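Here are my notes for your first look at this protein. Please keep the structure open and check each point as you read.

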Amino acid sequence: MLLNRYSPAVIFRIILLLNACLYVFGLWHRAPDIDDAWIGEPVWWMHKLGYAKSELMHGVTSQEVRSLVHHKLFSLNGLISVKLFGFSLYSLKVVSLVWLMIFCVILYRYMVKKFNRDLALFVLLLFTINAFVFQYSFVFRPEIMVMTLGFISWIFLENALNSRKKYFILLLSGLFAGLAASGHLNGLIFIGAGGLLLLWNKRWSGIPVFAAGSLAGFAVYFYDFTPEFGFNYWMMQINNSPALFNSTVLPKSFSFLAKLWREHLRFFHSPREIALSLMVIFVLISGYKLLYKSLKQEMRYLMLLAILLALLAVHSTGKYLLLYMPHLLIVAGLALRQLYHFRKKKVLLAGRFSSRQAWPWGLALAIIYTGVNVGWNVMTATDKWNPQVNRELTLKFTGHEASGIKVVAPMQFIFNEIKYYERIQADLGFGDREKTGMDISGAEFIDLLNLYKINRLYLTPEYESKFEINTLPPLKNGQQAVTRLGEFNGLIIYKYNGIK
């Protein structure tokens, strides 16, 4: 058996090296994620105009005028990168990559100081091999940054809990929790969990100190509020966003609490989540007595983070697990290490279940977790993209007339065509209107094209069907609504005849 021939540390290093090679290969021509465009486009306008807006979502909550609902601190990170390297897919993606490197250094040093190098390597392995980490550490999304800031907040908080008079450290903990919230509103869970953990430990005098630091960090979120575009404008965009539209018939208070009953969906959405959840659940149940001695405060903190995320997050997507992924994997790593050390003994765990019985199950679940995530990572790494494809499409069907054209296209078409067109409006922006009950097909779709003065349509088969392009009624002058110009790289190209 491999564990008998080589020490665990050697095995960890080998797998880490192989995963690092796969990760580096995956950086080369990594395909754009929809969020690279959705979250990245406001950064283009910040760079060009000095404030955030969105033409991709033109007509949705006045985002074409000004957008206040964006990930403020993360957007500022993107702006720095764009100023240094210019606007491109990879100048945006590299922001999350930098935060990943920062986090890995922090995690490793934290684990070495608190435990030992072998466990530090094992937890680092579990973390870097995770499919969500592998994917979203090279996507322009804020989770990796928010996770890092939240974990730094935890390090300071844990340190402060071990001392009665470390108020400056508590202030720093609150500051980083507030910065995490300014990067994504889901980061508010770090403020809530930190405050509640202090309350749990009866650290009354530390709560206002932590709160003061949190308010200072969270103040970054409001940096772009102005008298004209302030709180009321922000509330309008939050409350009327089709992406956040909720069709539930339950009163809001009950709907809010019902989120707890749906939270399991986050943990069992796909094989990625299931492999992680089964491993963590097993080690929590089997090794709870041993874990609670070593990680009492961290397990409390993790529970608070999970509950608060369930209540706060709008969606049950698995990628939000990244916010407290380090804590999940520290718990799993320590529990598996304990099972390994006691694998030949009959240390009682849960009920009559012993460490000798638990070890094979824990090892099997760790292997399944590794296998599932590596398989997912291979798919992510091999999904390549040619940055010249969009340029070729424009030159073939639009030529040098693009500067006067407003086009409906997939979000990713902004890379790197945003500077050539008068407006690129996302197909998703139209599709989102369906969530509010608006009809976006047939004659109603023509009305929208006229409203937004659209000239061209670059559509996937999905949106060609959704908009009912092939059955559009003729225009008032009897002319057909659209002319099919051809296909290119999976897109069907149409000219709309209603706008000259």
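1. Start with a definition. A residue is exposed when its relative accessible area is over 50%, and buried when that area is under 20%. In between, it is partly exposed. Keep in mind that this is a predicted model.

2. Now apply those words to helix 23. Which residues of this helix are buried? Helix 23 covers residues 443-451, and its buried residues are Phe445, Ile446, Leu448 and Leu449. Viewed down the helix axis, the buried residues fall within an arc of 160°, so they line one face of helix 23. An α-helix has 3.6 residues a turn, so residues three or four places apart point the same way.

3. Look at the other face too. Asp447 and Leu451 are exposed, and they sit on the face of helix 23 turned away from its buried side.

4. What covers the buried residues of helix 23? The cover includes helix 22 (427-431). It also includes strand 3 (456-459) and strand 5 (491-496). Just after helix 23 comes Lys453, which takes a positive phi of about 55°.

5. Step back to the whole protein. Its secondary structure comes to 24 helices and five strands. The radius of gyration is 25 Å, close to the 23 Å that the globule rule gives for 500 residues, so the protein is as compact as a globular protein of that length. The C-alpha trace spans about 85 × 55 × 50 Å along the principal axes.

6. Next, the inside and the contacts. Of the 500 residues, 55% count as buried. Take the contacts between residues at least 6 apart in sequence. Among these, 72% join residues at least 24 apart.

7. Then the surface and the charges. The accessible surface comes to about 22,700 Å², and 64% of it belongs to carbon and sulfur atoms. How many side chains are positive, and how many negative? There are 51 positive and 29 negative side chains. The centres of the two sets lie 17 Å apart.

8. Arg337 is in helix 18 (residues 325-341). At a relative accessible area of 24%, Arg337 is partly exposed. Leave aside its neighbours within four places in sequence, and Arg337 is in contact with Asn116 and Leu119. Arg337 and Leu119 are 218 residues apart in sequence, yet 7.4 Å apart in space, C-alpha to C-alpha.

9. Some backbone details deserve a second look. Most residues other than glycine have a negative phi, and most peptide bonds are trans. Check the bond that joins Phe415 and Asn416. This peptide bond is cis, with omega at about -10°. Asn416 lies in helix 21 (residues 414-417).

10. Thr61 is not a glycine, but its phi is positive, at about 50°. Find Thr61 in the loop between helix 3 (34-49) and helix 4 (72-85). Is Thr61 buried or exposed? Thr61 is buried, with a relative accessible area of 12%.

11. Lys202 lies in the loop between helix 10 (188-200) and helix 11 (206-218). Lys202 counts as exposed, at 56% relative accessibility, whereas Thr61 is buried.

Note on methods
Residues numbered from 1 in each chain as written. Predicted model: local features only at pLDDT ≥ 70, side-chain atom pairs only at ≥ 80, totals over all residues. Heavy atoms only, no water. Buried < 20%, exposed > 50% of the residue type's maximum accessible area, 1.4 Å probe, protein only. Helix = DSSP H or I, 4+ residues; strand = E, 2+ residues; numbered from the N terminus. Arc of directions from axis to C-beta. Contact = heavy atoms within 4.5 Å. Rg over C-alpha atoms; globule rule 2.2 N^0.38 Å. Areas by Shrake-Rupley, 256 points an atom, 1.4 Å probe, with all protein chains shown as cover. Lys, Arg positive; Asp, Glu negative; His and termini not counted. Charge placed at Lys NZ, Arg CZ, Asp CG, Glu CD.
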